[in-house]
Amino acid sequence: MSATEDRPEADDVRDFARRIGIPGLVDVHTHFMPRNVLDKVWAYFDSVGPLTGRPWPIAYRTEEDRRVATLREFGVLAFTSMLYPHKPGMAAWLNEWSAGFAARTPDCLHTATFFPEPGAPGYVRQALDGGARVFKAHLQVGAYDPNDPLLDGVWRLLEDTATPVVAHCGSGPVPGPHTGPGPVGALLARYPRLRLIVAHMGMPEYGDFLDLAERYEGVHLDTTMAFTDFSEEAAPFPAADLKRLGQLRDRILLGTDFPNIPYPYVHQLRALERLGLGDDWLRAVCHGNAVRLFALG
């Protein structure tokens, strides 16, 4: 995919990193999953027009090895394999797949997931023992309350091991029964040391999730799809909160949703740059914060 008619997009992405003075990007929100599961995810986005009134073309609908190669061509130094169950009995085998993916893809941060079910603490412990470094919780797709008692052992493990968990807990693109700041706020009140990464900056409840980040030092936010033209059209980030982004510089992480994005990867970077928060902020968000959080290199 090209950013311009005659210039490879990879050149533009690498130029961005060079311009702000980092060796490459760390993207904490990318998706790799078993092909049969990914096909269903893509089918959802293909039909998302009738669900949300907007077309959502997948920009990087290629085979797995090509998608990995694309991130490497972009100069992404580390990325994740965000995957998630929508029913019981699914998370453990997703974790088996992601462990194999991480083993054959050393620049992927070994990712795992969970669902509220009796065996969840056991397979989360097994994933941690196997080297999992980040977890994904999708409250919208899973339609579960993070405060379900079946997850108490999971949150305790993640808090005690200081393992980051990326949570889709905002109500975008469509609300779920347990999305929004309320359920996550209740969770953090019980597990205040959680390293919780709020996906999509908490879109569209940006301010409420910024409040949680200011209240709990373990709360981070990822930039996935936020500030882009696509998201600004439906859920604009409040201009009054831009100053807070600067104040929370050390708790914001680059995320993109690659490959499931309806625009070029470089657009996410340009959307961050046009916020006007400066190169120090961009360096922290696109590289330094994740390097520190995941103890990279």
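**Figure 1. The nonpolar cores of the predicted model.** Of the 92 residues in the largest nonpolar core, those that touch the most other members are Leu 25, Phe 114, Phe 135 and Tyr 265. A second, separate core has 14 residues, among them Met 82, Ala 199, Phe 294 and Leu 296. A nonpolar core is here a set of buried Ala, Val, Leu, Ile, Met, Phe, Trp, Tyr and Cys residues joined through side-chain atoms within 4.5 Å. Buried denotes a relative accessible area under 20%, exposed one over 50%, and partly exposed a value in between (1.4 Å probe, protein chains only). In soluble globular proteins, nonpolar side chains tend to be buried together. The model is predicted: local features need pLDDT of at least 70 and side-chain atom pairs count only at pLDDT 80 or more, whereas totals for chains, interfaces and linings use all residues. Residues are numbered from 1 along each chain as its sequence is written, and side-chain values use heavy atoms, with hydrogens and water left out.

**Figure 2. Surroundings of Tyr 265.** Apart from neighbours within four places in sequence, Tyr 265 is in contact (heavy atoms within 4.5 Å) with Glu 9, Val 13, Leu 25, Asp 27, Tyr 60 and Leu 71, and also with Phe 74, Val 76, Leu 254, Thr 256 and Phe 258. Two of these partners, Leu 25 and Val 76, are themselves bridge partners, Val 76 belonging to strand β2.

**Figure 3. Strand β2 and its two partner strands.** Strand β2 comprises residues 76–80, of which four of the five are buried, so the strand is largely enclosed by the rest of the structure. Strand β1 (residues 25–26) runs parallel to β2 and is joined to it by two bridges. The pairing of β2 with strand β3 (residues 108–109) is likewise parallel, over two bridges; here Phe 79 has Cys 108 of β3 as its bridge partner. Strands are DSSP runs of E with at least two residues, helices are runs of H or I with at least four, and both are numbered from the N terminus. Two strands pair if DSSP finds at least two bridges between them.

**Figure 4. The open parallel sheet.** Six strands form this sheet in the order β4-β5-β6-β7-β8-β9, with parallel pairing. At the edges stand β4 (111–113) and β9 (252–253); each has a single partner strand, so one side of each is left without a neighbour in the sheet. Strands of a sheet pair through backbone hydrogen bonds, either parallel or antiparallel.

**Figure 5. Strand β6 between β5 and β7.** Four bridges join β6 to the parallel strand β5 (residues 134–138), and His 138 has His 168 of β6 as its bridge partner. Three bridges link β6 to strand β7 (residues 196–198), again in the parallel sense, with Leu 196 of β7 as the bridge partner of Val 165. Within β6 (residues 165–168), Val 165 and Ala 167 point one way and Val 166 and His 168 the other, and all are buried. In a regular strand the side chains alternate between the two faces of the sheet. Together with helix α9 (residues 181–190), β6 and β7 make a right-handed β-α-β unit. A crossover is right-handed if, with the strands pointing away from the viewer, the path from the first strand over the helix to the second runs clockwise.

Figure 6. Gly 172 and Pro 173 are joined by a cis peptide bond with omega of about -5 degrees. Pro 173 lies in the loop between β6 and α9. The peptide bond from Met 203 to Pro 204 is also cis, with omega near 0 degrees. Pro 204 is placed in the loop between β7 and α10 (206–215).

Figure 7. Although not a glycine, Ala 143 has a positive phi of about 55 degrees. Ala 143 is found in the loop between α7 (139–142) and α8 (152–160) and is partly exposed, with a relative accessible area of 41%. Met 225, likewise not a glycine, has a positive phi of about 70 degrees. The loop that holds Met 225 lies between β8 (220–222) and α11 (229–234); at 4% relative accessibility, Met 225 counts as buried.
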